[in-house]
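Take a walk through this structure with the coordinates open beside you.

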Amino acid sequence: MGKAASLPGIQPALLKWARESAHLSTEEVAGRLKKSVEEIDAWESGTDAPSYAQLEKLAYELYKRPLAIFFLPSPPKEPRPEAEFRALPDSDLRNLRRDTVLLIRRARAYQASLIELFGGSSPTAEPLWKQVEIDASRPSARQAAVVRASLGVPAPGAREWGAPDGDEALKIWRKAVEARGVFVFKDTFKQSEISGFCLEHSELPIVVINNSTTKTRQIFSLLHELAHVLMGRRAISTFDEAPLNRLSPAEQRIERFCNQIAADILVPPDDFAAQVSGLPQNVEALPSDAFAALAARYRVSREVILRRFRDADRVSQAFYEKRKREWDGQKIHKGSSGGSFYSTKGAYLSERLMSEVFARYGRRQINVDEAAEFIGVKPKQVDELESRFLRGMAA
């Protein structure tokens, strides 16, 4: 069988731009297409071109781009992660995995949907970031108290928080944040060390958190990204401290502040002090159950509790690191469970976004194709997703 005919009119610069913007090397593309690196280089230099079938695979499977984009005269302007985010070192941003880059691109599409749906204005009468300002140069505890009060969540230890695993607590925090104008999405991050990211916007900011870990860690990630939103920043964050240590001193200070704000919102210092007042100054001899009981009260991980004690000089740094490694090894990370598409999509999408889209779809203000585009599904999936969403709201 002869070689497939090359497709005329493809712009080589577009092929290179699409590959680089998907954070793929020529070696990776060659491996996925079962071609030589030299052939991929030839396409990108213009000495050869892919066939139509090869271009389809590049566009739809590898680069996740419309086919027509490869016939534009020049690459479209699009922010790169290293220019858009500042919570990770540039080297880490340049080396983000393709899956993470595609999640960021999807989040931008959701934000564009929100801008179109709401005409560029927040649907919330009193957006949180317009009423509450936080500043890394000031102590975090009082600022965290203002944020928590503004979100209107139950008191620590209240029955409404549900089981210690944090499942109900995550729903409460997510609903409270969305009620104040920040749209919250979840997704499964294959790059598991990324905890989440946020896309700041003057009217329609969004947060995306990594669903591939425990609910208590997702809660912390949500509030960490919320802190970035309240500071008017776009950020991508990691569970690991090593990248943080490679940031500039100014960026390190902001990241540590966002961690502290999240911890102070979740574990109010005054309440925590009352709970541990009867414990010895050095708590290293306490059994793991004691840390677990405190974590259960606040629906946080044991690491958050241990960090509280470390910051108060009630455990050593060595003890903190040892226990953190031990507990990290016990964490259950969830990948794709193979469950219902509709249940997963319903859990991942912003409830506020779905509510608006399905309300307009039900009133016939938008058609099925428009509804599908707004929430990122196929038109044939809209009715079932709507049905499940409305049943969940009525439950």
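A cavity is a set of points, on a 1 Å grid over the protein atoms alone, where a 1.4 Å probe fits but cannot get out. Grid points are joined across faces, edges and corners, and a volume is the space filled by probe spheres set on the points. This is a predicted model: local features need pLDDT of at least 70, side-chain atom pairs count only at pLDDT 80 or more, and totals for chains, interfaces and linings use all residues. Residues are numbered from 1 along each chain as its sequence is written, and side-chain values use heavy atoms, with hydrogens and water left out.

Begin inside. The structure holds four cavities of 30 Å³ or more. The largest cavity contains about 350 Å³ of space. Which residues lie nearest its centre? They are Phe220, Thr238, Phe239, Asn259 and Arg307, out of 24 lining residues. A lining residue has an atom within 4 Å of a point.

Next, see where the lining comes from. Helices (DSSP H or I, at least four residues) and strands (E, at least two) are numbered from the N terminus. At least two lining residues come from each of α11 (215-230), β4 (235-238), α13 (249-266) and α16 (302-311). The largest share belongs to α11, with six residues. By class, the lining of the largest cavity has eight nonpolar, eight polar and eight charged residues. Here Ala, Val, Leu, Ile, Met, Phe, Trp, Tyr, Cys and Pro count as nonpolar, Asp, Glu, Lys and Arg as charged, and the others, Gly among them, as polar.

Now turn to the rings. Rings of Phe, Tyr and Trp (its six-membered ring) pair if their centres lie within 6.5 Å; planes under 30 degrees apart count as stacked, over 60 as edge-to-face and the rest as tilted. The whole structure has 11 aromatic pairs. One of them joins Phe118 and Phe183, tilted, with 6.0 Å centre to centre and 35° between the planes. Phe118 sits in the loop between α7 (98-117) and α8 (128-131), and Phe183 in strand β1 (residues 183-187), so this pair ties together parts that are 65 residues apart in sequence. Buried means under 20% relative accessible area, exposed over 50%, and partly exposed in between (1.4 Å probe, protein chains only). Phe118 is buried at 15% relative accessibility, and Phe183 is buried at 1%.

A second tilted pair is Phe272 with Phe309, at 5.4 Å centre to centre and 55° between the planes. Phe272 lies in helix α14 (residues 269-275) and Phe309 in helix α16, so the pair ties together parts that are 37 residues apart in sequence. Phe272 is buried at 6% relative accessibility. Phe309 is buried at 0%. Both belong to a cluster that ring pairs build from Phe272, Phe291, Tyr298, Phe309 and Trp327.

Some rings carry a charge over them, with NZ of Lys or CZ of Arg within 6 Å of the ring centre and within 35 degrees of the ring normal. The charged end of Arg310 sits over the ring of Tyr320, 4.3 Å from its centre. Arg364 lies over the face of Tyr361, 5.6 Å from the ring centre.

Finally, the backbone. Most residues other than glycine have a negative phi. Arg364 has a positive phi near 60°. Arg364 lies in the loop between α19 (351-362) and α20 (368-375), and is exposed at 64% relative accessible area. Lys34 also has a positive phi, of about 60°. Lys34 lies in the loop between α2 (26-33) and α3 (37-45). At 74% relative accessibility, Lys34 is exposed.

Methods:
On a 1 Å grid over the protein atoms alone, a cavity is a set of points where a 1.4 Å probe fits but cannot get out, and a pocket is an open set with protein on both sides within 12 Å along at least five of seven lines; lining residues have an atom within 4 Å of a point.
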